[in-house]
Amino acid sequence: KGRRKRKAQKEGAKGRMAEEGRTHGQNVMVWIDKKDGKEYRLSFEHAKLLYMVSFYAVSSKNDDQPETWIRELPLNVMMYEGIVAGKLDFDYAPISRLYSYVEEGGGTVVKRRFLNFSEEGMSAIEDLREQEFLLGLKLTNQDDITMTAVQVSHKGRELLAQLAPMLRLEVEEFVYHHRGGGACAPPQAKGLSIRKRSVAVAVAESWSREVWW
């Protein structure tokens, strides 16, 4: 199923959403380039994944605005959040991965743990990079561990400007931590806290929940 989804996404695009509907039984978003009239189709899962990334990593609009990037580990944590919440239709399985954290004394420690990792989700990320809705950056830390970070490109921003409210809501339901208190307590986007023995999703100092192991 995931392979069939990815095959349908290999055409690229820039522009506006022309329609939403079903193509071969699959929910898709059709997006047409304003500049050259080229048409592209993204599955709803690809579109939701792109919107999720936009909460954490976007290209700058001008020279005065800093760029933001999201690395592979927090990206997978948030994909896992969406999957277990029933909002992203990807599989996942435990995979042995390296991760690093900073000790109280300031030193960096590298560990290997089994993490719930979505190969389908990462394949969708690669699809979005091939279509240039996402940009990628290779990073190397002080222990010579190479990792990949991504951000939503200008092209991706243009697509998301036309994203259907229904899809936005599905993503916001798992990206945001909804606190009690009604209108006086607006939702806050979840972040990542890497600890000695676990990884947790967290919102500032007010809330956290361990994930994965």
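Modeller: Just after helix α3, G86 takes a positive phi of about 80°. This is a predicted model, in which local features need pLDDT of at least 70 and side-chain atom pairs count only at pLDDT 80 or more, while totals for chains, interfaces and linings use all residues. Residues are numbered from 1 along each chain as its sequence is written, and side-chain values use heavy atoms, with hydrogens and water left out.

Helices (H or I, at least four residues) and strands (E, at least two) are DSSP runs, numbered from the N terminus. The protein has 6 helices and 13 strands.

Helix α3 itself covers residues 72–84. The expected span of a helix is 1.5 Å times one less than its number of residues. The 13 residues of α3 should therefore span 18 Å, and the C-alpha atoms at its ends are 18 Å apart, which agrees. A residue is called buried under 20% relative accessible area, exposed over 50%, and partly exposed in between (1.4 Å probe, protein chains only). Over the protein, 44% of the 213 residues count as buried.

The aromatic side chains come next. A pair of aromatic rings is described by the distance of the centres and the angle of the planes. Rings of Phe, Tyr and Trp (its six-membered ring) pair if their centres lie within 6.5 Å; planes under 30 degrees apart count as stacked, over 60 as edge-to-face and the rest as tilted. This rule gives 4 aromatic pairs. In one of them, the ring centres of W31 and F133 are 5.3 Å apart and the planes stand at 65°, so the pair is edge-to-face. Because W31 lies in strand β2 (residues 26–32) and F133 in the loop between α4 (119–130) and β7 (134–140), this pair ties together parts that are 102 residues apart in sequence. Both W31 and F133 are buried.

F55 and Y176 form another edge-to-face pair, 5.5 Å centre to centre, with 90° between the planes. F55 is in the loop between α2 (44–54) and β4 (70–71), and Y176 is in strand β9 (residues 176–177), so parts 121 residues apart in sequence are tied together. F55 counts as partly exposed at 23% relative accessibility, and Y176 is partly exposed with a relative accessible area of 23%. Y51, F55 and Y176 form one aromatic cluster.

Charges also meet rings. A charge sits over a ring if NZ of Lys or CZ of Arg is within 6 Å of the ring centre and within 35 degrees of the ring normal. The charged end of K155 sits over the ring of F133, 4.9 Å from its centre, and that of R97 sits over the ring of F117, 4.6 Å from its centre.

Finally, R41 lies in strand β3 (residues 39–43) and is partly exposed, with a relative accessible area of 29%. R41 and W31 are 10 residues apart in sequence and 6.2 Å apart in space, C-alpha to C-alpha. The side chains of R41 and E39 are joined by a polar contact of 3.3 Å. A polar contact is a pair of N or O atoms within 3.5 Å; within protein, one must be able to donate a hydrogen and the other to accept it, and residues adjacent in sequence count only if both atoms are side-chain atoms.
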